[in-house]
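Keep the structure in view while reading.

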Amino acid sequence: MKKTLLLISLFSSSLLMYGCNESKKIQDTDLMHHRFVLTKANGQDISLDDQADIIFGEKMTITGKMCNQFSSQVTLDSDNIKGSGVIMTKMLCNDEQLNQLDYIIEQLIVNGAKIDLTNNQLILKNEKNELIYQLKDLM
């Protein structure tokens, strides 16, 4: 009898823990009015001096800066984010890494990217690229 009760309680606990570990679906409200600073691009650390960032505004309008400033209207569908186009200034920067990041963020937005938000860390990725941002609100 005691073994049966022990097995039942272990089984119930494992089911409860499994349910708690399910990933939470990201909502628009989880992103809106937040600023994220780029910390890694494809495994390489990004200097905080560069202040490459992305800000989510009302109605999922995003603005940000890599080498150039950009903006787009995006939609969030389950764990994917996508925009129909990107408006971007087109200046050449002295930093080749930031120049490349302009191209990467544009591709992630236009072609769509998987999005993950865990522990104040935002990850945008596709088959070729991964950008990791850290929450750093201005206020």
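**The cavity**

A cavity is a set of grid points where a 1.4 Å probe fits but cannot get out, and its volume is the space filled by probe spheres set on the points. The structure is a predicted model. A search of the whole structure finds 1 cavity of 30 Å³ or more, and the largest cavity has a volume of about 50 Å³.

The residues that line the largest cavity are Ile-54, Phe-56, Ile-62, Val-74, Ile-81, Leu-108, Ile-109, Ala-113 and Leu-124. Strand 3 (53-56) and helix 3 are the elements that give two or more residues to this lining. By class, the lining has 9 nonpolar residues, no polar and no charged ones.

**Helix 3**

Helix 3 covers residues 96-111, which is 16 residues. From its first C-alpha to its last it reaches 23 Å, close to the 22 Å expected at 1.5 Å a residue. At the start of helix 3, a side-chain oxygen of Asp-95 comes to within 2.9 Å of the backbone nitrogen of Gln-97. Gly-112 follows the helix, and its phi is positive, near 90°.

Buried residues of helix 3 include Leu-98, Asn-99, Leu-101 and Asp-102. Leu-108 and Ile-109 are also buried, and both line the largest cavity.

**The aromatic pair**

The count comes to 1 aromatic pair. Phe-36 and Phe-56 form this pair, which is edge-to-face, with 6.0 Å centre to centre and 85° between the planes. Phe-36 lies in strand 1 (residues 34-41) and Phe-56 in strand 3, so the pair ties together parts that are 20 residues apart in sequence. Phe-36 and Phe-56 are buried, and Phe-56 also lines the largest cavity.

Key
Residues are numbered from 1 along each chain as its sequence is written. This is a predicted model: local features need pLDDT of at least 70, side-chain atom pairs count only at pLDDT 80 or more; totals for chains, interfaces and linings use all residues. Side-chain values use heavy atoms; hydrogens and water are left out. Helices (H or I, at least four residues) and strands (E, at least two) are DSSP runs, numbered from the N terminus. The expected span of a helix is 1.5 Å times one less than its number of residues. Buried means under 20% relative accessible area, exposed over 50%, partly exposed in between (1.4 Å probe, protein chains only). A polar contact is a pair of N or O atoms within 3.5 Å; within protein, one must be able to donate a hydrogen and the other to accept it, and residues adjacent in sequence count only if both atoms are side-chain atoms. On a 1 Å grid over the protein atoms alone, a cavity is a set of points where a 1.4 Å probe fits but cannot get out, and a pocket is an open set with protein on both sides within 12 Å along at least five of seven lines; lining residues have an atom within 4 Å of a point. Ala, Val, Leu, Ile, Met, Phe, Trp, Tyr, Cys and Pro count as nonpolar, Asp, Glu, Lys and Arg as charged, and the others, Gly among them, as polar. Rings of Phe, Tyr and Trp (its six-membered ring) pair if their centres lie within 6.5 Å; planes under 30 degrees apart count as stacked, over 60 as edge-to-face and the rest as tilted.
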